[in-house]
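Let's take a look at some aromatic rings and charged side chains together. Open the view below and follow along.

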Number of protein chains: 2
Amino acid sequence: MAGAIADPVRREILVMLRDRRLSAGEIAERFDISRPAVSRHLRVLRNSGLVRDELVGRRRLYALDAGAFAELAEWLAPFVQPSGWERRLDALETEIYRTRREHRARGAAGQAKENTA
Amino acid sequence: MAGAIADPVRREILVMLRDRRLSAGEIAERFDISRPAVSRHLRVLRNSGLVRDELVGRRRLYALDAGAFAELAEWLAPFVQPSGWERRLDALETEIYRTRREHRARGAAGQAKENTA
DNA sequence: GGAAAGCGTAACCTACTGGTTACGCGTCAG
DNA sequence: CTGACGCGTAACCAGTAGGTTACGCTTTCC
């Protein structure tokens, strides 16, 4: 399911559906890609459960399915605002590593370069 | 960035890092795939900003970056608990479509099959 | 100083993804 | 009934993602 929101086109479709329910054609005409391409994106969204579809005459209306998004949010929740526990454990672990190292090499200063800030 | 959480291996790495900070090797040995493969997953996570890395001696420690997750959560937020607005608009739109249709065809009953429940 | 440890990168191959055009099927309009 | 509309599917193709093995660089240990 997480793979469904990986594609930018699909994410934009989801944003569009946030406002109102839309037919396949209405969705497709807002993109520069062909209609079948959009149709397949819609199928992926359908299979992922992020979207529900309803046949109305010869049109097919798409709407968001809140349930799937709730699942996503549920997965994401533990990652936002780390509980503070980990930071302490990290510090402890680093300390262990450093003391073990400095047990021998006395002259080497403790250096650690931060990346990907 | 959303593409980074599409892969199941990367998601599992993130879960692992939720508890404590880990070195590349510690991460790699928990998977059946080769170490270089894990290394590239880590690069993807690094480039996506979901993970920060710090060089400690000859090891490279990885830790979650809360900022990126906050962004994700921010994007996801508008999708959980729809505001109620859309449902009303949907109902209205459906009504318009039906009345226009039934203006001519009197006998046809309003039918709409739900899919992908 | 030299061997080993810890990681990343390069080159390569396969599998999937996402795009296209051509087509088929059901529904509405006249 | 027949033509147009709306939409999905099939077949095909190029680009990317993710796996592997081989290799190189930096840091630690003796």
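A:F69, B:W75 and B:F79 come together as one aromatic cluster. This is a predicted model, so keep in mind that local features need pLDDT of at least 70 and side-chain atom pairs count only at pLDDT 80 or more, while totals for chains, interfaces and linings use all residues. Residues are numbered from 1 along each chain as its sequence is written, chains are lettered from A and ligands numbered from 1 in the order in which they are written, and side-chain values use heavy atoms, with hydrogens and water left out.

(Helices, H or I with at least four residues, and strands, E with at least two, are DSSP runs numbered from the N terminus.)

Is A:F69 buried or exposed? It's buried, at 0% relative accessible area, where buried means under 20%, exposed over 50% and partly exposed in between, using a 1.4 Å probe and protein chains only. B:F79 is buried too, at 2%.

A:F79 and B:F69 also stack, with 4.7 Å between centres and 5 degrees between planes. That pair crosses between chains as well, from the loop between α4 and α5 of chain A to helix α4 of chain B.

Charges join in here. The charged end of A:R18 sits over the ring of B:F79, 5.2 Å from its centre, and B:R18 does likewise over A:F79, at 5.1 Å. (That takes NZ of Lys or CZ of Arg within 6 Å of the ring centre and within 35 degrees of the ring normal.)

| Salt bridge | N to O distance |
|---|---|
| A:R52 and A:D65 | 3.6 Å |
| A:D53 and A:R60 | 2.9 Å |
| B:R60 and B:D53 | 2.8 Å |

A:D53 is buried at 1% relative accessible area, whereas A:R60 is partly exposed at 28%. In chain B, B:D53 is buried at 1% and B:R60 partly exposed at 27%.

Methods: Salt bridge = Lys/Arg side-chain N within 4 Å of Asp/Glu carboxyl O. Phe/Tyr/Trp six-rings, centres within 6.5 Å; stacked < 30°, edge-to-face > 60°.
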